[in-house]
Amino acid sequence: MPLRDPLLLALLGGAAASLVVLLERRRRARQTVLDRWAAQQGMRCERAPPLSVLAPLEPMGLLPPVVAVERLVDGVLRAPPLVVSLTLAACLCGNRHRSRPFVLAVFAGPPELPTLRLMPETDDEGRDDLGLLPVPAEGLPPGYRAESFQDLPPQLLAALGAELRGARAVRVELRPGRMLLAAPADSVHEVDGLVHLGLRLLQASEWALRTPPPPAGTRLN
């Protein structure tokens, strides 16, 4: 028999709404991998920041649409000899019904960095409306593709490729003044690995941009 009592319906609706609020509060309050990583590093971790915190990074071409930011770590990382501004964001990407977690790492870099996106060949989730075109990927490990707006110094791809060998399928985006990395990360160890990979890629790119190009016909490994 259908429920027709307005008071009972209101009570049921209120109970359902309260349950949703409690579950959302519980989700936001639980410890995440970024909470634990930030505690180890002595850095502050912000809970449930607004989605607008990623606005300065748009258009962002290495992730599916970000529907929520669960945690944000923003500060200066001291990893001698480097002192680097770093932002880490625990993001839910895709859509609200079938979202997937990613950790996004953003490093401050030199303004000379070119626009470049390195993606696993099997990954088709990056935005395809940015005008990025495939470029020769000699020097990258098997399974990666390179996309850019311009011709790239061959020593740059070789230097980045040397650091990516053996890494998990990590998405990398360079742009003037910034380097972005994104990958799933379920443990503090995996977040550490992503951060250290980013530091190595940053050093490799800075070295490659200062290095004269090899003579024509030289094969880069």
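I located serine 148 in strand 7, residues 144-148; strands (E, at least two residues) and helices (H or I, at least four) are DSSP runs numbered from the N terminus. The model is predicted, so I kept to its limits: local features need pLDDT of at least 70, side-chain atom pairs count only at pLDDT 80 or more, and totals for chains, interfaces and linings use all residues. Residues are numbered from 1 along each chain as its sequence is written, and side-chain values use heavy atoms, with hydrogens and water left out.

I found serine 148 buried at a relative accessible area of 1% (buried is under 20%, exposed over 50%, partly exposed in between, with a 1.4 Å probe and protein chains only). Its side chain reaches the backbone oxygen of threonine 115 at 2.5 Å. Leaving aside neighbours within four places in sequence, I listed Thr115, Leu116, Leu132, Leu133 and Val135 as contacts of serine 148 (heavy atoms within 4.5 Å).

Next I looked up serine 187, which lies in the loop between strand 9 (178-183) and helix 4. Serine 187 is partly exposed, at 25% relative accessibility. From C-alpha to C-alpha, serine 187 and arginine 36 are 8.9 Å apart, although 151 residues separate them in sequence.

Last, I examined helix 3 (residues 154-164) against helix 4 (residues 188-210): their axes are 9 Å apart, at an angle of about 160°. I fitted axes as lines to C-alpha atoms over the stretch in contact, with angles from 0 to 180 degrees between N-to-C directions. Helix 3 and helix 4 are therefore roughly antiparallel (over 145 degrees; under 35 is roughly parallel, 65 to 115 roughly perpendicular, the rest oblique).

How values were computed
A polar contact is a pair of N or O atoms within 3.5 Å; within protein, one must be able to donate a hydrogen and the other to accept it, and residues adjacent in sequence count only if both atoms are side-chain atoms.
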